[in-house]
Amino acid sequence: MSATATITASSAAPSPVLKLNSTSAEEQTPSTPAAEPYRYAHLLPHFSQTQYPPLTPFEHVDPGHRALARERKAVANGTVAEGSTPLPAFLRSPNVTVSEVTPNLGVEVSGISLSQLDDAARDDLALLVARRGLVIFRGQEEFIDSSPEAYKEWGQYFGRLHIHPTSGHPEGHPEIHLVYRDGNSTFNFERDDSITTLSWHSDVSYELQPPGLTTFFLIAHPHARGEGLEESYSGGDTLFTSQVATFKRLSPEFQEFLRGLKVIHSGFEQADYSRTGRRGGVVRREPVEHIHPLVRKHPVTGEEALYVNRQFTRRIVGLKREESEMILRFLYDHIDKSGDNQARLKWTPYTIALWDNRVTAHSAIVDFKDGKQRRHGCRITPQAERPIPAKEGLQLD
Ligand SMILES: [Fe+2]
């Protein structure tokens, strides 16, 4: 069944509401009633039927390498102390504030526009995101209110842009992955048969070359309002966790055992979800699964990170089924419970989050679905290198 998206006015929600229809059509795009214009109507999800061939391998050169080379030169020159990781130059300004989100993950920045960063600053940013896992920028009106073309120009600096096989995208811009939910419908990959809406994952980890630095922002936010309540943004936060920190918490003996393991990541369940007519009902590229190291090494920082997630990891290669299930369940529980490695991003208008999918995992929190409220976001997803095993010589093929 092919589902298409249309917008209808709803008395329950003051803004346009997406509903799934079961009609089939070659291509349809949501349209906004003239009486209720939505500022970001040009970014509503479109589910084209365009089919794409399998992705091909490419060489990824991480911009963070250039920043690290400059930093090492500064150490050699004596302008930076060895072993220190000073803030990059573009953040050292009286107008810019930078604060740590938690000791293990994230920094938050305000006072600078991402749209104004030159190439050297983008390199420095890539290194900062790699080191901190998550960098949150507030006050990004200039970037968010630019255009899909500008989003893509930004993302392409950090790697080849990924086209998602099943998600909605702005019409004409398949490289922009959209999340969309309101009180009546969702176009996300969600389960409704779980006791929690959490679903830890690293984006599209089933690809041969999964994403590195990733940019995401919301353009419509759930909010609280009502008698006795100040209007405030509430609901739809995103949880992040450091997979570097979760790995470090394990014993050296267990770490060494895990370094020798390989896991299968699969995109089949996500594709099947769409093939049942949910999310927009299209699969534009046949699903794949790939074998990755269970512990990967970041190409720039050299840090080791767990690379398993409940959403896409399926099995440890070479182990018996029960052994694989036991170890994966232990690791998933460890990720779930490790609040000491996590950060929770409360979205406010014009916030942009950048995370490194190689060393973090994240989950949306769908705690607003009874509120008839819209949560609408855009993701720009450059692919990076094929995961590098932490254990030297581990054969993946
Ligand atoms: Fe995600």
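This is a predicted model: local features need pLDDT of at least 70, side-chain atom pairs count only at pLDDT 80 or more; totals for chains, interfaces and linings use all residues.

Me: What distance separates the end C-alpha atoms of H1?
Reply: H1 covers residues 63-77, which is 15 residues.

Me: Within what arc do the buried residues of H1 fall?
Reply: The buried set is Pro-63, Gly-64, Ala-67 and Leu-68. Residues three or four places apart on an α-helix point the same way, because a turn takes 3.6 residues. Viewed down the axis of H1, the buried residues line one face, so their arc is within 135 degrees.

Me: Which residues are exposed on the other side of H1?
Reply: The buried residues are covered by elements including helix H2 (119-132). The other side of H1 has exposed residues. They are Ala-69, Arg-72, Lys-73, Ala-76 and Asn-77.

Me: Are H1 and H2 roughly parallel or roughly perpendicular?
Reply: Two numbers describe the packing: an angle of about 95 degrees and an axis separation of 7 Å. Angles of 65 to 115 degrees count as roughly perpendicular. H1 and H2 are therefore roughly perpendicular.

Me: How do the residues of the contact of H1 with H2 divide into nonpolar, polar and charged?
Reply: From H1 come Pro-63, Gly-64, Arg-66, Ala-67 and Leu-68. They meet Arg-122, Asp-123, Asp-124, Ala-126, Leu-127 and Ala-130 in H2. The division is six nonpolar, one polar and four charged.

Key: Residues are numbered from 1 along each chain as its sequence is written. Helices (H or I, at least four residues) and strands (E, at least two) are DSSP runs, numbered from the N terminus. The expected span of a helix is 1.5 Å times one less than its number of residues. A residue is buried if 20 or more other C-beta atoms lie within 10 Å of its own, exposed if 12 or fewer, and partly exposed in between; C-beta atoms are placed from the backbone. The arc is that of the directions from the helix axis to the C-beta atoms. Two residues are in contact if their C-beta atoms, placed from the backbone, lie within 7 Å. Axes are lines fitted to C-alpha atoms, for helices over the stretch in contact, and angles run from 0 to 180 degrees between N-to-C directions. Angles under 35 degrees count as roughly parallel, over 145 as roughly antiparallel, 65 to 115 as roughly perpendicular and the rest as oblique. Ala, Val, Leu, Ile, Met, Phe, Trp, Tyr, Cys and Pro count as nonpolar, Asp, Glu, Lys and Arg as charged, and the others, Gly among them, as polar.
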